[in-house]
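I opened a new notebook page for this structure.

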Amino acid sequence: MTDITKTTPATRGLIPLPEAAARGLLLGGGIATAASAFLAWTWTSEFPGDLTINGYPGGLQWLTFTAGLLTTLFALALYGVRGLGWLLPARNNAPLALAALGGLGTTWFTVIAIANNLGGVVNLEPGGWIAAIASLLPVLGAFALPQEGVGKDSTKESLKAYITKPDAIPAPQPLTPWLERAVITLATILGLAVFTYGIDTEYGELFIGYLFVVVFFTWALHTAGIMDRFSRLVAHNRSFTLAMGFLAAIAFPFTQTDDHYANIGVNILIFGTVALGLNIVVGLAGLLDLGYVAFLGVGAYTAALVSGSEFSTFSGVQFPFWASALTGAAASLIFGVLIGAPTLRLRGDYLAIVTLGFGEIFRIAVNNMDGDSGPDITNGPNGIPAIPDLNFFGFNMGQAHDIGGFTLGRFANYYLLMVLIMAIVVLVYTRAADSRIGRSWIAIREDETAATAMGINGFRVKLIAFALGASLAGLAGTVSAHVTYSVVPTPYQFAGSTPPNSAFLLAAVVLGGMGTVAGPILGAALLYLLPEKLVFLQDKSLLAFGIALILLMRFRPEGIIANRRNQLEFHETGQLDVPEQTTLTDEPATVTKAGA
Amino acid sequence: MTIMTTPVLEARDVTMRFGGLTAVRSVDFTVNAGEIVGLIGPNGAGKTTFFNCLTGLYIPTEGTVSYKGTVLPPKPHLVTQAGIARTFQNIRLFANMTVLENVLVGRHTRTKEGLWSALLRGPGFKKAEKASEERAMELLEFIGLAAKRDHLARNLPYGEQRKLEIARALASDPGLLLLDEPTAGMNPQETRATEELVFAIRDMGVAVLVIEHDMRFIFNLCDRVAVLVQGEKLVEGTSEVVQADERVIAAYLGEPFEGDPGAAEAAEVAAAEAGAEAQSTTSTKGEAQ
């Protein structure tokens, strides 16, 4: 990879085919893949999605169709078809190879799942075989495209070269402001559509196929340089993008017919909000907090106690929502300061262990405050059930309402409330991060000794981060108490198989990208959806996440969405003083990020 | 020589012990306004320990450090707030922050916008942020890094990282700047440039205390030089005085000075025994000087 010989006379492909044939395979294969989705793949409708109809795709076939279509688009862009040049600005092979692989993955997964679920390949109709072969063609084509380094390096290196993002991607032509906004709007609508489809997948197979398509095509767009261009657009229109994202979030329940999916949505939002709060503590201030879910618990219990539930110790007390939200946040803040003040004198691993301990203390204390082993406050393991629904000026959140022809169910109502809270948390996060206090958090994270030598009172700013993170989690907790009808101690543990728990929260932050706004929310969505959709994973989900996290740390340590700091790529190439780490990592494009 | 009367920094009888080891032994030390003072000494002489005592990183076992007449509390952030800024021997920039952000962090003690004003974003917040940025850009222009304001600190070449560290320290508007080996690892041209930079800082009205190994740099730069050997201040004076002092030469060369009993004989025996090997060592020592 460090080889800089520029013009090798004849670069060739990994598969020895003439270039014209390779391109033809890509285009033809893409079309054939898309077309094969219209055939019958199996004879029985026992396989979910009904793949038995000739002439109309169903279920997973739609995903194969989409993958084939997108591969075709990329292939057409390679041919230089007018209007598609933006898809392949660097005219590199990686997007083509990844798109083809995405199609191959979805199709073969479907075919194998059919054979596996129904008991043998005999259940495949000819259409299934055709699809399997058709989806292989673009892959062959992609790896037959001439690629620099093939023939010189080992096969493994060459394969890597096919899916690596090139260093230099030509700068895009500047767009007019309204065009930039139009692109962002389109991307938001597309994102909402893709996200909604993912939430609405009805069975595990469809969700896995969906993941194949989404992961490979996002990766393809990344290697094509389109993601970089888009993040530049976002950087130009930050507030517009935020507004669009907010609108898209509000639009979500209106696209749903089943309140069950709104329930998934509201849980993702609660999980994401808490993850964003944790991101202040972990991502900005660099304090590893392993007991963070306790603050969510404090908020939830506080809200439950003042909710007017007859099982609450203060059953006569019923605060309006704004008051209970503030009380919950304040209680969490006090709890955060109480925990933070003694523990924040510790650094690194010691802090992590102590916060882990305090998190467990909360759960065990709540478990024991039942009147037998302690004061009667929380009803012990029974928790506080029958929390009444919220009521805003006669608008009962517990009932379905018709708004403009759309029916908004109970969870949709709470979803919209949670969007509002999420917006507040995003605002708090972005404003705090971009200020004197945010800079001092980052400075503390980077080098605490140097930061104190610059006049930063380390303990004080760390305590502020801790308290702010805690109160945001408490705020989310107040809503979650009403959404789930009851609060019990069990969810507020360090690790469990369903979110939210401290390990999942931390995983959401790290997986999504520390120090970003979108990262933890995306991470939370992924971590919530995966166990929700993949039922067969449920008892092995912790193992699966362990493996996923290890792989992620190996290949993309900055998380799915990289922080601006980790992403900034400057024109330091050829500068001798920049430490030469290039040879150590596999992907040149992520070198500067990986050093974080 | 100008007449300097107002002391900026006064260390009185500073002693630092780590268990049984006395790293710094009752050092008296003064830096006056408008002065550039050098602190030299062989490796392990206790220079950095003394530095850390001055900046509050260590609490001196005995003695006091005062800045402009008031005794400094032994807390680094309070020392910085009082008006003493420092750089580090091994560069300690905030590597993943941009050049501008690094300098803005240096402004921390001179601004006071807290969390609430950051969240509410009133006019006061915007004004303060703008003023901080202007001051930071002034400093970046002063050290010549204004064009690289948005680069990450870790992507700067070594010499520029040193400069940026100085700018970050200057951002706290100090009355005294402590430089811990500012030219370590620099080539002669860069060292020259640093010299100019230190003079310019002095001309801004900031007193400077420099620890350095590069003798040419120190003797060109400093109005006064103090020599620390084995935790004790051996000699203090102008460059000429220090350069001429035999004990300083001896301390640096590791040779026995007059009155050290038996050392001369021991050296003779060693020389006789080791022969050529000993000769080569002395010659390298000579070069080192």
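Core first. I looked up the largest nonpolar core, which has 160 residues, and found that Trp441(A) and Val487(A) touch the most other members. Helix H10 of chain A, residues 259-284, gives the most to this core, with 16 residues. Apart from it lies another core of 42 residues, including Val99(B), Ala171(B), Leu177(B) and Val242(B). A nonpolar core here is a set of buried Ala, Val, Leu, Ile, Met, Phe, Trp, Tyr and Cys residues joined through side-chain atoms within 4.5 Å. Buried means under 20% relative accessible area, exposed over 50%, and partly exposed in between (1.4 Å probe, protein chains only). Helices (H or I, at least four residues) and strands (E, at least two) are DSSP runs, numbered from the N terminus.

Ground rules. This is a predicted model, where local features need pLDDT of at least 70 and side-chain atom pairs count only at pLDDT 80 or more, while totals for chains, interfaces and linings use all residues. Residues are numbered from 1 along each chain as its sequence is written, chains are lettered from A and ligands numbered from 1 in the order in which they are written, and side-chain values use heavy atoms, with hydrogens and water left out.

Back to Val487(A). Which residues is Val487(A) in contact with, leaving aside its neighbours within four places in sequence? I noted Ala300(A), Tyr301(A), Ala304(A), Asn382(A), Gly383(A), Ile384(A), Ile387(A), Ala481(A) and Tyr492(A). Contact means heavy atoms within 4.5 Å.

Chain B overall. I counted 12 helices and 10 strands in chain B. Of its 289 residues, 51% are buried.

Helix H1 of chain B, residues 47-54. It is largely enclosed by the rest of the structure, because 7 of its 8 residues are buried. I listed them: Lys47(B), Thr49(B), Phe50(B), Phe51(B), Asn52(B), Cys53(B) and Leu54(B). Just after H1(B), Gly56(B) takes a positive phi of about 85°.

Arg168(B). I located this residue in helix H6 of chain B, residues 158-170. Is Arg168(B) buried or exposed? Arg168(B) is buried, with a relative accessible area of 0%. Beyond its neighbours within four places in sequence, its contacts include Ala450(A) and Met454(A) from chain A, and Phe88(B), Arg92(B) and Asn102(B) from chain B.

Between the chains. I found 40 residues of chain B in contact with 37 residues of chain A. The two chains bury about 3,500 Å² between them, 59% of it on carbon and sulfur atoms. Buried area is the accessible area (1.4 Å probe) that two parts lose on being put together, summed over both. His108(B), Leu115(B) and Asn155(B) supply 18% of the area that chain B buries against chain A, more than any other three residues.

Cavity lining. I looked at the largest cavity and found residues of both chains, among them Arg436(A), Ile456(A), Leu104(B) and His108(B). A cavity is a set of points on a 1 Å grid over the protein atoms alone where a 1.4 Å probe fits but cannot get out, and lining residues have an atom within 4 Å of a point. H15(A) gives the most to this lining, with 3 residues.

Methods
On a 1 Å grid over the protein atoms alone, a cavity is a set of points where a 1.4 Å probe fits but cannot get out, and a pocket is an open set with protein on both sides within 12 Å along at least five of seven lines; lining residues have an atom within 4 Å of a point.
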